[in-house]
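Subject: Structure handover

Hi,

My notes on it follow below.

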Amino acid sequence: MSGVPVTCPLCEATCGLLVSTREDGTIGVRGDRDDVFSRGYLCPKGASIGELHADPDRLRRPLLKRGGRHVEVDWEEAFAEIERRLPPLLDTHGRDAVAVYFGNPTAHNLSGALYLRPLLKALGTRNVFSAGTVDQAPKTFVCGYLYGDAATIAVPDLDRTNYLLVLGGNPLVSNGSLMTAPDMRGRLRAITARGKVVVVDPRRTRTAEAASEHVPIRPGSDALLLLAMVHTLFAEDLVDLGLAAPYVDGLEQVRAIAAEVGPEDAAPHTGIDAGTIRRLARELAAADRAVVYGRMGTTAQPFGTLASWLIDVLNILTGNLDTPGGAMFPLAAAGQANTRPGPRRPFRHGRWHGRASGRPEVMGELPAATLAEEIAAPGEDRVRALVTLSGNPVLSVPGATRLEAALEELELMVSIDVYLNETTRHADVVLPGPSPLERSHYDLLLYQYSVRNIARYSPAVHDTDVPPEWHTMLRLAAIAGGLGAGAAVTDLDDALAQSMAELNAATPEPGLCGPERLLDILLKAGPYDLTFADVAAAPHGLDLGPLQPRLPGVLATGRIDLVPEPVLADLDRLRTFAARQPGAELLLIGRRHLRSNNSWMHNVATLNRAGNDCTLHLHPDDAARLGLADGSDALVCSADGEVVAPVEVTDTIAAGVVCLPHGWGHQVGAPGRVAAARPGVNANMLGDLALLDGPTGTAAVNALPVTVRPATVQPATGT
Ligand SMILES: Nc1nc2c(c(=O)[nH]1)N[C@H]1C(S)=C(S)[C@@H](COP(=O)(O)OP(=O)(O)OC[C@H]3O[C@@H](n4cnc5c(=O)[nH]c(N)nc54)[C@H](O)[C@@H]3O)O[C@H]1N2
Ligand SMILES: Nc1nc2c(c(=O)[nH]1)N[C@H]1C(S)=C(S)[C@@H](COP(=O)(O)OP(=O)(O)OC[C@H]3O[C@@H](n4cnc5c(=O)[nH]c(N)nc54)[C@H](O)[C@@H]3O)O[C@H]1N2
Ligand code: SF4
Ligand SMILES: [Mo]
């Protein structure tokens, strides 16, 4: 079976697939052995991309809500409805009357990556929300202040490291995040063969099982563990900045901060004994090529910013920043701000604040957990309209009940999505996008976090009469910008290409249009002097080599301020936490499954089946204490919300911790029949809307205090 090379856009691993059509019309998928990066690797989600494409419940025509029900309409009617309702609303109430929420797949979509900014600009609102504030915002915030911009992230140099310390990440299931690399199992196995992998996680995950050592931790306490490790490095004279030394400021202040928290102070909160904390610090300092890496468990938790900061601090203090086998800065072929020559504006935040929440803007966004209150809080300047783009906040953001109620109060809601989901079912107009096989792809964003420098473009392999999303986004932008639904997309796109060309001192390529032309401009302005024609001529990808040291050029200011004030501002909250008696309450964390993709692939039958279960993991001791047997229903309550979930008793979870996956809680018709038959429950019915990371307002979907008891009666608010 041959096949057409396609870059899988379903997760950050960016695997190369070979897609073919069988005689019976079904789609065959296998890993592309010639792919320069993934070498034939693929996962069950990638393997089912044909099923996703063929799913009859996937949207192909716009939907309009009439009399409370969605009906299919043609594209002109859908845009006419938006034109009838959006501009008058903006004229009367101002630009901030419309909010935007964009979800995770925006980052996995070339149209999304290139046309989101123009759309946001045309809307002109400060009420921008995204999945980033239930995800990585603390990490990008910290990188902004340490290195100069939010996309300047040092990733683990996986293929050359001898010691990998993972906190709160499960790459064998997630296939890696903020470290783009296919075949995590192979890569981690190679590290354990030549060195050591340590996993700090409240759960014995697949990654923990495959690692050299698993260190269970009490959720939410990573910042104290990391601070105690920094303390140990100073106390034992193990600090050695290596090649980064000439660029680093603030070392003595870090010493002073870390002096406050020794291993004995951290031990009762983390549940990790002081000897182990000291040993981890010593191992990290002693290994010749070592790196600390943290993911969801360290960002979407109460101290996300401080934990993320300390991870980079540890890499710097042990001389592992910007050195092979340590934490290195990728050099992407296109679209990376830090590859642009000349001075760059340093990172800052708080340029405006949420009207109702008072929370500061970070990277132009307000916290997703505050979207509901920005709509619901009374006031002339409240949010009255919402545009969602590939997102499902009703299942993804804590406080689902409040958000659903708020969505019902909107005067207008428009969604661009490939499914009717628990969020878009509230929309007045739903505009579908093409399937992953009907659109071209280049992983503009994720190659900026890649563990090898890669460039790969793949064209669409199937035709469709669904317009490309950049069309739809430009048309929405035209309506919002007052040009009207009739504005010619080609003119808008030409103007955009022209301005991007000027900004990047490149010439737009005649004969190209849309994302391909913009990509060409960014490639020409990029560090390898590539063109679109170059990447199009290499269907299995271009390998641009292993990561190279990039200091000091990668830094916006030429220096690394180890102690940025906006990060340190959260230290007092950590001090208060550290001064309290270690908590005895149950803490909720999340988990991912290899066959799930956040909230939106549960309508693919080969993925949504036994083994991929929406159950509450409970340690046997807790189960016995709470009188909950395997398979029984538990009522889980948090400060804001409650949910009933079936119990799965397992010793893979630490005592005192419970675990529920997110992305479930499907409702009839959304996102389709398969999902409705095996719906699960919505973990984000739970939440504590006051428990947000200090600086970024990122929701603590991990380390959320809950109570658990047998469910005798269903709660009134079941989703
Ligand atoms: N409790 C808890 N909550 C969490 C998390 C957790 O660990 N625990 N994780 C958080 C994280 S990390 C994330 S990223 C968020 C995700 O939060 P969201 O991004 O809000 O949700 P997704 O489930 O990714 O929904 C994506 C939507 O995009 C649509 N879609 C897919 N492909 C395309 C496309 O090509 N075009 C368009 N227009 N639409 C498309 C899908 O149909 C789906 O409806 O959830 C967060 N929520
Ligand atoms: N199959 C699959 N792959 C995915 C996704 C998916 O839904 N399914 N989602 C994609 C997305 S949007 C993202 S952002 C990435 C996420 O990628 P990862 O972060 O690798 O994935 P998670 O499974 O959320 O891993 C978080 C880990 O943190 C642990 N944890 C929870 N709380 C704490 C804590 O306080 N401290 C510590 N140290 N650990 C803690 C959890 O037990 C869990 O093992 O995955 C991506 N890939
Ligand atoms: S690991 Fe990610 S990129 Fe690779 S096949 Fe699976 S979903 Fe696609
Ligand atoms: Mo995410």
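Predicted model: local features only at pLDDT ≥ 70, side-chain atom pairs only at ≥ 80, totals over all residues.

The shell around ligand 3 divides into 8 nonpolar residues, 3 polar and 1 charged. The residues around the ligand are C8, L10, C11, A13, T14, C15, Y41, L42, C43, K45, G46 and N175. K45 is the charged one, because Lys counts as charged. Ligand 3 itself sits in the second largest cavity.

Next, the aromatics. The structure holds 9 aromatic pairs. One of them joins Y147 and F329. Their ring centres are 5.0 Å apart and the planes meet at 80°, so the pair is edge-to-face; the cut-off for that class is over 60 degrees. The pair links distant parts of the chain, 182 residues apart. Y147 belongs to helix α5 (residues 137–147). F329 is in the loop between β14 (327–328) and α15 (371–376). Y147 is buried, with a relative accessible area of 1%. F329 is buried too, also with 1%. Both count as buried because the cut-off is under 20%.

Y457 and F532 form another edge-to-face pair. Here the centres are 4.7 Å apart, with 80° between the planes. This pair also links distant parts of the chain, 75 residues apart. Y457 is in strand β20 (residues 457–458), and F532 is in helix α21 (residues 532–536). Y457 and F532 are both buried.

One last item: F141, Y145 and F347 form one aromatic cluster.

Best wishes

Notes. Residues numbered from 1 in each chain as written. Chains lettered and ligands numbered in written order. Heavy atoms only, no water. Near = heavy atom within 4 Å. 1 Å grid on protein atoms, 1.4 Å probe; cavity = no way out; pocket = protein on both sides within 12 Å on 5 of 7 lines; lining within 4 Å. Sits in = over half its atoms within 2 Å of the grid points. Phe/Tyr/Trp six-rings, centres within 6.5 Å; stacked < 30°, edge-to-face > 60°. Helix = DSSP H or I, 4+ residues; strand = E, 2+ residues; numbered from the N terminus. Buried < 20%, exposed > 50% of the residue type's maximum accessible area, 1.4 Å probe, protein only.
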